[in-house]
Amino acid sequence: MLYTNKCEHTRGNVLTKWFVHRRRINRMHTQDGGHIASAVGALAQRDYQTAGNHYSRAAWSVLTEPRAGRDPFAPDERGYVGAGLQYLLTSAICYRVAGEPSRATHRGVEAVAIAGDLTTALDEPVQQACLEELRADCRVAGGLDGAASTYDTAADAYRAAGDGIENPHRWATSPLFEAAAGPIKQVARSLANGEIAIKWENLHDADPSACGDFLAHRATYKRQRFSGLVERVVADGFLAAPRGTTEYATDHHRCPHCGSTDVNWVAESVLCLRCSRPTEPV
Ligand SMILES: [Zn+2]
């Protein structure tokens, strides 16, 4: 009886985690054609070439129609189309980790061009500054020249938008800005045993009342950190999965590779929080 109760408790716990995780995915959902789930599955297998291919296809899918019925060429205060850029630049990082630098270069060049093109659709000055930040990210991811000066341009654009920015927190939590924060967080956790290595307060200035400076900090922080983090991930040959819904010290999963019982529920995968390999029920 005790065993049965434990099973039911564990099963309920696992289902609750899935429910929380699905709700979070739905909140941010873009039409990636199922390729993000496949990309994360490939990361878990450390097949970075395949992961790069799926991230590319996810990007093209989102860029075509970010959400059902949403036109990528129309203004959008939420900026869902930004996820397409996130996936394209993540594909570039995957290809570099896979030892395919020329393909990474192509993705980087492509992403820089698309980010520039999207400035005709996402026409709020603060969004245009974020697209400039993404252009710099794409240069870092693709191993292209000119990232540092592009980050400077982005920081200047945030400061220029400064007085016109109402509620910078709302912008910073919109899908466009979260898309721009995703890759550096994913790269950083790869080097930090799966933990959150870059927090909100790292990316943003302490004083949200100075709107331009608050957001410009994103660009100056990335200018200092992102390139070096990507170089280390490429040298290590390891890119972690993104962080989804997490649970520490579970009694229901154990990683067969490293023995950790910490779990990362992300896309359609249940992964070890530590090494990003598939974890298994116990
Ligand atoms: Zn593990």
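Reply: Start with helix H11, which covers residues 211-236. The model is predicted. H11 has 26 residues. From its first C-alpha to its last, H11 reaches 37 Å. That is close to the 38 Å expected at 1.5 Å a residue. H11 still has a bend of about 45 degrees, located at lysine 222. Just after H11 comes glycine 237, with a positive phi of about 70 degrees.

Now place the helix in the chain. The domain assignment gives domain 1 as 1-29 + 244-282, and domain 2 as 31-241. The contact between them takes twelve residues from domain 1 and eleven residues from domain 2. On the side of domain 1 that touches domain 2, E3 and E4 are the elements that give two or more residues. By class, that side of domain 1 has six nonpolar, three polar and three charged residues.

Three strands form an open sheet, in the order E1-E3-E4, with antiparallel pairing. Strand E1 (245-247) and strand E4 (269-272) stand at the edges. Each has a single partner strand, so one side of each is left without a neighbour in the sheet. From one strand to the next, the twist averages 25 degrees.

Look last at one pairing. E1 pairs with strand E3 (residues 263-266) in the antiparallel sense, over three bridges. Here glutamate 247 stands opposite valine 263 in E3.

Note on methods. Residues are numbered from 1 along each chain as its sequence is written. This is a predicted model: local features need pLDDT of at least 70, side-chain atom pairs count only at pLDDT 80 or more; totals for chains, interfaces and linings use all residues. Two strands pair if DSSP finds at least two bridges between them. Helices (H or I, at least four residues) and strands (E, at least two) are DSSP runs, numbered from the N terminus. Axes are lines fitted to C-alpha atoms, for helices over the stretch in contact, and angles run from 0 to 180 degrees between N-to-C directions. Domain bounds come from an automatic or database domain assignment. Two residues are in contact if their C-beta atoms, placed from the backbone, lie within 7 Å. Ala, Val, Leu, Ile, Met, Phe, Trp, Tyr, Cys and Pro count as nonpolar, Asp, Glu, Lys and Arg as charged, and the others, Gly among them, as polar. The expected span of a helix is 1.5 Å times one less than its number of residues. The bend at a residue is the angle between axes fitted to the seven residues ending there and the seven starting there.
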